[in-house]
Amino acid sequence: MTAEPLPEHPDFLWRTPDPRSSYDVVIVGAGGHGLATAYYLAKNHGITNVAVLEKGWLAGGNMARNTTIIRSNYLWDESAAIYEHALKLWEGLPEELDYDFLFSQRGVLNLAHTLQDVREGVRRVNANKLNGVDAEWLEPDEISKVCPILNVSPRTRYPVLGGTFQPRAGIAKHDHVAWALARRADELGVDLIQGCEVTGFLKDGERVVGVDTNLGRIHAGRVGLAAAGHSSVLAERAGVRLPVQSHPLQALVSELHEPVHPTVVMSNHVHVYVSQAHKGELVMGAGVDAYNGYGQRGSFHVIEQQMAAAVELFPVFARAHVLRTWGGIVDVTPDASPIIGSTPVENLYVNCGWGTGGFKATPAAGWTFAHTIATGRPHPLNAPFALDRFTSGALIDEHGAAAVAH
Amino acid sequence: MLLITCPWCGPRDETEYHYGGQAHVPYPPAPADLTDQQWAEYVFYRDNPKGPFAERWVHSTGCRRWFNVLRDTATHEVLTSYRPDEPRPGGTR
């Protein structure tokens, strides 16, 4: 295994337009999901009179803070369908966008440390296979072959009893994904407007007709929210209540190391997930902080527990150093599945609730959200993820496969 | 790490506590009369403000009693804590 060279730092990839007074569609939030939505609105639906409004800078929220893991090994049919659609899109996007964002299908191991983990893992592998998602159950000796630096000794506090493996899963350079989508959306005519915060919604009765921003009023035929951790705050300004809670989710990187870690390892039970970035940093994610928070930081004991788990699993990391830690704000739903669809306000659509796992879904979130906004009806892939499931009771419980404790 | 004051035990590290989400969410007085929408509100919908938030904590490794904390979710500053039979300081909710 050798480190692949990083892409050259690009020139300016998109214009910096002033907002026009009116658009067919306004997307709020220029993270991965907002940019993918704009791209697919233009590409799949021919809707190019679109603005993406971003209160900070492009892809500076969770798109800059995630641990870049891409996989589709979710339990339920509805989830497997949408995440697998995303994975298939990932496989074609570097060519389609003419941008090598280092999508590396190095596989993902989800470890089992208890009998219940084993049962759940085997069940998930079987469910994945029935849904056409590549998945294998590996015994500890087979795990060693995939990831030799992992400690599978029976003498650890929580021994590795086995694990699921999805070979097509992997990682990608998150910033470059956003820039690739932004460049192509911009070429197709989409206005990407940074430093533009939505402060209110313009309504005509129960129909949204525009947004108020710090850069003035912008009329819109339809408005789509893709604001992740701030979805509740935004939706409340439109008079919509969402069943999401915003939590800090922390991650960290080490200094650069020679390539030692050939895959991605996630452990739900001892709670850490680890990959090695192309440059060489070890990238590790923690569980969510229990309390609600918008501060983009969390408590240090969460980091401590995460590092303890990492060192137990990977003794070779014991002398690595933390280079930096950070936090993002994740919007968590009661069933750990996203909400993509209409709201009680006509022409206002919401894509939120991705919680700890939104990055991997970026293309499918954009694909289905664009379809929903363009046609006024959900795509078959996101129909089960409607807001009304919390009233009907048709929940899609992915707390197991979400793999991040919350 | 947060420093949270238990109304009975005094200031302790966050690791002594567990979180219980939004405070002051009463059980519906007449559950049988609720619509599905109202049940959804009670079971699944909670406030998620950016700013002061009244929330429940339990002192798991101390007195094991529940109490309420008023905390700013933007700055994570703990504003005050109070017993569960006391109203939210400042009047609202």
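Modeller: What follows is a description of the interface of chain B and chain A.

The model is a predicted one. In it, 23 residues of chain B are in contact with 26 residues of chain A. Between them, the two chains bury about 2100 Å², and 51% of that area lies on carbon and sulfur atoms. Of the area that chain B buries against chain A, 33% is supplied by Phe44(B), Tyr45(B) and Asn48(B), more than by any other three residues.

Charged and polar pairs also join the chains. Two salt bridges are found across the interface of chain B and chain A. A salt bridge links Glu41(B) with Arg241(A), where the closest N and O atoms are 3.2 Å apart. For polar contacts between chain B and chain A, the count is 17 residue pairs, both residues being at pLDDT 80 or more.

As to the elements of chain B involved, helix H1 (36-44) and strand E4 (52-58) each supply at least two residues of the side that touches chain A. The largest share of that side comes from H1(B), which gives five residues. By residue type, the side of chain B that touches chain A divides into 10 nonpolar, six polar and seven charged residues.

In summary, this interface buries about 2100 Å², and among its pairs is the salt bridge of Glu41(B) with Arg241(A).

Note on methods:
Residues numbered from 1 in each chain as written. Chains lettered and ligands numbered in written order. Predicted model: local features only at pLDDT ≥ 70, side-chain atom pairs only at ≥ 80, totals over all residues. Heavy atoms only, no water. Contact = heavy atoms within 4.5 Å. Buried area = accessible area lost by both parts, 1.4 Å probe. Salt bridge = Lys/Arg side-chain N within 4 Å of Asp/Glu carboxyl O. Polar contact = N/O pair within 3.5 Å; in protein donor to acceptor, adjacent residues only side chain to side chain. Helix = DSSP H or I, 4+ residues; strand = E, 2+ residues; numbered from the N terminus. Nonpolar A, V, L, I, M, F, W, Y, C, P; charged D, E, K, R; others polar.
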